[in-house]
Amino acid sequence: MEKMLEFVSFILVLVCVISCGAAGTHNVGGDLGWTVPRGGEADYQKWAANQTFKSGDTLVFTWTGMHTVANVSKEDFEKCTTRNDVQSKSPVSISISGTGPHYFICTIGKHCSLGQKLNVTAEMSAAASALATNALLSAFFMILSIAITM
C-alpha cells in the first residue's frame, strides 16, 4: 500500500509539472502593432484567432503616433465609447484577469470605428487547469485506495 501511495504522489507531481505553464505575453497585432488597421477590425480579429489567451496572460499594446488603449465593456466596444481609464503612453501592458471576453479600443478620433479595436476570449489559466486536474486525480486515487483496502 505504501508503494501505491508513493506512485500516486509521483503521478500527481508529474501532472502538475506538465500542466503548470507560465503566463504568456501577446504583442497585440503582431507586426502590425496597435494602429488603425488597413483591413479594418478584421485584421485584429484574424490576429486574435491565431492566439490562445489564458487568464494571467499579458497583452502588450505598442504604437507610434497618436493612439490610446482602453479596456472597455462589450457595449462600449460596440459603440466605440469608454467610461474607463485610458492609457496613452506606449507600450501598455494589460494583464488578462479571469476567463471570458475582454474588449479594448483606441479612443482617438474615429480610430475605433475604423477598426482599432480588439476583443479576446481568455481560457482558464494553466495553473488553474492544473489545480483542477490535480483535485480530480487526488479524488480518484483516494477512492481507489479506499476501494483497495476494503
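**Exercise 1. Classify Lys-54 by its relative accessible area, then find its salt-bridge partner.**

Solution. Step 1: Lys-54 has a relative accessible area of 28% and is therefore partly exposed. The classes are buried, under 20% relative accessible area, exposed, over 50%, and partly exposed in between, with a 1.4 Å probe and protein chains only. The structure is a predicted model, in which local features need pLDDT of at least 70 and side-chain atom pairs count only at pLDDT 80 or more, while totals for chains, interfaces and linings use all residues. Residues are numbered from 1 along each chain as its sequence is written, and side-chain values use heavy atoms, with hydrogens and water left out.

Step 2: The side chain of Lys-54 meets that of Glu-123 in a salt bridge, 3.1 Å from N to O. Such a bridge needs a side-chain nitrogen of Lys or Arg within 4 Å of a carboxyl oxygen of Asp or Glu. This pair links distant parts of the chain, with Glu-123 in strand β7 and Lys-54 in strand β2 (residues 53-54), 69 residues apart. Strands (E, at least two residues) and helices (H or I, at least four) are DSSP runs, numbered from the N terminus.

Step 3: Glu-123 is also partly exposed, at 42%.

**Exercise 2. How many salt bridges does the structure hold? Describe those of Lys-79 and Asp-76.**

Solution. Step 1: There are three salt bridges.

Step 2: Lys-79 and Glu-75 meet at 3.0 Å, N to O. They are four residues apart in helix α3, so about one helical turn separates them. Lys-79 is exposed at 56%, and Glu-75 is partly exposed at 42%.

Step 3: Asp-76 pairs with Arg-83, with the closest N and O atoms 3.4 Å apart. Here Asp-76 is buried, at 2%, while Arg-83 is exposed, at 64%.

**Exercise 3. Which cysteines form a disulfide, and where in the chain does each lie?**

Solution. Step 1: A search of the whole structure for cysteine sulfur atoms within 2.5 Å of each other finds one disulfide. Cys-80 and Cys-112 form it, with their sulfur atoms 2.1 Å apart. The link is left-handed, with -70° about the S-S bond.

Step 2: Cys-80 lies in the loop between α3 (74-79) and β5, and Cys-112 in the loop between β6 (100-105) and β7, so the pair ties together parts that are 32 residues apart in sequence.

Step 3: Cys-80 is partly exposed at 25%, whereas Cys-112 is buried at 3%. Cys-106 is in no disulfide, and the nearest cysteine sulfur, that of Cys-112, is 8.0 Å away. Cys-106 is buried at 2%.

**Exercise 4. Which residues have the most contacts inside the largest nonpolar core, and which elements supply it?**

Solution. Step 1: A nonpolar core is a set of buried Ala, Val, Leu, Ile, Met, Phe, Trp, Tyr and Cys residues joined through side-chain atoms within 4.5 Å. The largest has 18 residues, and Trp-34, Phe-61 and Leu-118 have the most contacts inside it.

Step 2: At least two residues of this core come from each of α2 (41-49), β3 (58-61), β5 (92-95) and β7 (117-123). Apart from it lies another core of six residues, including Val-72, Phe-77, Tyr-103 and Ile-105.

**Exercise 5. Which residues of β5 are on its covered face, and which on its uncovered one?**

Solution. Step 1: In a regular strand the side chains alternate between the two faces of the sheet.

Step 2: Val-92 and Ile-94 make up the covered face of β5, and Ser-93 and Ser-95 the uncovered one.
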